[in-house]
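My entries follow the order in which I looked things up.

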Amino acid sequence: MLFLLTGEVQIGKTRWLESLVAELGAFGVPCAGVLAPGQWVPSTGPHADANGFEKLGIDNVLLPSGERIPFARRGDLARADGTFDEESQAAKAELAWHIDDAAIDRVNAHFDEITAHASAAAPVGAKPHSERSAEGAESKDPSRAPGLLIVDELGRLEIWRGGGLTSAMALLAQGPTPVFPHALAVVRDYLLDDTEALLAEAWPDRCRISPDDTGRAVILSACEFGA
């Protein structure tokens, strides 16, 4: 199953995902991929939100290791401190966030590693998880639970320009596998239809979810743990 997590900007999608990853980990469900928490500071300036915090940038947390790397910086700040690269993918796409191409390369390398490990781990002739579950032998064994692939997030670079996290897109394009029968991608609402069109063949079973209790219950059920 492919879960497409969506919602308004800055409603806590990544914080919700962090909590979900922790909960799945407690059940023994492996999560691999990337989370994208923001870099927030207290602020009373023009960019402050209603709670008095300002978002300066975005980190990427590589799962499962937890390695944290700087990924994006607000465009105006990048221009002010001289780190803005006019030739970068983000600049050419006129994104509000400036993403260093080297950071994109690092995250792509991480997804390449996940792909390689998943290929090595999948036994020859392995049955899809749905068939194994029907046999009843593995359905409630946390140590052998299905894995969840996480991509936070797919944006205009990936969906409209064929760039950005290309290795994540390539892994998603493989569809369900014995190692990752489920995947979750964070997608802005205006990109949902195009994302589904790109991945429809690989993932005929898809579900749009929100960062709430209903979304949590759907994922836990797919991973065979009740809410």
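**Entry 1: helix α8**

I began with helix α8 (residues 192–199), where Leu192, Thr195, Glu196 and Leu199 are buried. They cover an arc of only 95° around the axis, which puts them on the same side of α8. Before going on, I noted that this is a predicted model, in which local features need pLDDT of at least 70, side-chain atom pairs count only at pLDDT 80 or more, and totals for chains, interfaces and linings use all residues. Residues are numbered from 1 along each chain as its sequence is written, and side-chain values use heavy atoms, with hydrogens and water left out.

I also wrote down my terms. Buried means under 20% relative accessible area, exposed over 50%, and partly exposed in between (1.4 Å probe, protein chains only). Helices (H or I, at least four residues) and strands (E, at least two) are DSSP runs, numbered from the N terminus. The arc is that of the directions from the helix axis to the C-beta atoms.

Next I turned to the other face of α8. Turned away from the buried side, it carries the exposed residues Asp193 and Ala197. What do the buried residues of α8 pack against? I found β1 (2–5), β7 (148–154), α6 (156–161), α7 (166–172), β8 (182–187) and β9 (206–209). Contact here means heavy atoms within 4.5 Å.

**Entry 2: helix α4**

I checked the length of α4 (residues 101–121). At 1.5 Å a residue, its 21 residues should span 30 Å, and the end C-alpha atoms are 30 Å apart, which agrees. The expected span is 1.5 Å times one less than the number of residues.

Which residues of α4 are buried? I listed Ala103, Ile104, Val107, Asn108, His110, Phe111, Ile114, Thr115 and Ala118. Seen down the axis of α4, they fall within an arc of 150°, so they line one face of the helix. An α-helix has 3.6 residues a turn, so residues three or four places apart point the same way. On the face of α4 turned away from the buried side, I found the exposed residues Asp105, His117, Ser119 and Ala120.

At the start of α4, a side-chain oxygen of Asp100 comes to within 2.9 Å of the backbone nitrogen of Ala102. I count a polar contact as a pair of N or O atoms within 3.5 Å; within protein, one must be able to donate a hydrogen and the other to accept it, and residues adjacent in sequence count only if both atoms are side-chain atoms.

I then picked out Arg106, which sits in α4. At 27% relative accessibility, Arg106 counts as partly exposed. Its side chain makes a polar contact with the side chain of Glu67 (2.9 Å). Not counting residues up to four places away in sequence, Arg106 touches Leu62, Glu67, Ile69 and Glu113. Arg106 and Asn60 are 46 residues apart along the chain, and their C-alpha atoms are separated by 9.9 Å.

Is His98 buried or exposed? I found His98 buried, with a relative accessible area of 7%. It belongs to strand β6. A polar atom of the His98 side chain lies 3.3 Å from the backbone oxygen of Thr83. For the backbone nitrogen of Asp85, the distance to a polar atom of that side chain is 3.2 Å. Among the residues that His98 touches are Phe71, Arg73, Phe84 and Ser88.

Ser88 is buried, at 1% relative accessible area. Its side chain reaches the backbone nitrogen of Ala91 at 3.1 Å.

Most residues other than glycine have a negative phi, and most peptide bonds are trans. I looked for exceptions. Leu63 and Pro64 are joined by a cis peptide bond, with omega about 10°. Pro64 lies in the loop between β4 (53–63) and β5 (67–74). Another cis peptide bond joins Asp152 and Glu153, with omega about 10°. Glu153 is in strand β7.

Glu94 is not a glycine, yet has a positive phi of about 60°. I located Glu94 in the loop between α3 and β6 (97–99). Glu94 is exposed, with a relative accessible area of 66%.
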